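Hi,

Here is the structure I promised to pass on.

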Amino acid sequence: MKDKNFFAMLSRMKYINRWGLMRNTINENIAEHSLETAIIAHALAVIGNTYFHKSLNAERIAVLALFHDTTEIITGDMPTPIKYFAPEIKSAYKNVEKYAGEQLVSTLPKEMQNEYRGMIIGGEEEQENHRYVKAADKISALIKCVEEFSMGNADFAQAKESTYQAVKALCMEEADYFLENFLPAYSLTLDEQS
């Protein structure tokens, strides 16, 4: 029966909250974050194809984004300041993530494991696609900061600035396009958006 638990395990994404070190006006779990990241990753690929003449597989990039945090079902959400505090911690956490990914994949029937291993653990063949997922992940975090700050939560002021700088540091034209053209709307009220 262990090889039939995968989808039930994935449904637990809704129980893993993000931003554990911050006071949140609205809690965010990894299921919500993964959906938003997938939407943004898809958009980045479409922007790349539309405005920068690339040939990206937007659907594949979106699916990779849906699965990008699934290992946190096992590991929990490690706060960024801790995860990247020292190279040794970052390296150890990467190993923990890989182990957690293999644990998740093992909850599938053998015939399905290779398909999902590529989405959860990835490989060299997905490196370019993962650049878009990483950018979308950072933009999703930036959106959270913008929304929290817009609601008067000063705890997110520094995170908003450092996350914005992290997105800019990617030097990705699609991400810059998203920031310039779509990010401002996240500060608007519903009436202003309509």
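Before the counts, a word on terms: helices (H or I, at least four residues) and strands (E, at least two) are DSSP runs, numbered from the N terminus. By that reading, the protein has 11 helices and zero strands, and along the sequence the pattern runs α-α-α-α-α-α-α-α-α-α-α. The radius of gyration is 17 Å, close to the 16 Å from the globule rule for 194 residues, so the protein is as compact as a globular protein of that length. That radius is taken over C-alpha atoms, and the rule is 2.2 Å times the number of residues to the power 0.38.

Two housekeeping points. This is a predicted model, in which local features need pLDDT of at least 70 and side-chain atom pairs count only at pLDDT 80 or more, while totals for chains, interfaces and linings use all residues. Residues are numbered from 1 along each chain as its sequence is written, and side-chain values use heavy atoms, with hydrogens and water left out.

Now the overall picture. The C-alpha trace spans about 50 × 40 × 35 Å along its principal axes. Of the 194 residues, 40% are buried, where buried means under 20% relative accessible area, exposed over 50%, and partly exposed in between (1.4 Å probe, protein chains only). If you take contacts (heavy atoms within 4.5 Å) between residues at least 6 apart in sequence, 70% of them join residues at least 24 apart. The protein exposes about 11000 Å², with carbon and sulfur atoms supplying 56% of it; these areas come from the Shrake-Rupley method with a 1.4 Å probe, and for residues only the protein chains shown count as cover.

Most residues other than glycine have a negative phi. Tryptophan 19 is not a glycine, yet its phi is positive, at about 60°. You'll find tryptophan 19 in the loop between helix 1 (6–10) and helix 2 (30–51), and it is buried, with a relative accessible area of 16%. Histidine 53 also has a positive phi, near 55°, and sits in the loop between helix 2 and helix 3 (58–66). Is histidine 53 buried or exposed? At 72% relative accessibility, it counts as exposed.

Last one: asparagine 129 belongs to helix 8 (residues 127–150). Asparagine 129 is buried, at 14% relative accessibility. Setting aside neighbours within four places in sequence, asparagine 129 is in contact with Arg60, Ile61 and Leu64.

Cheers
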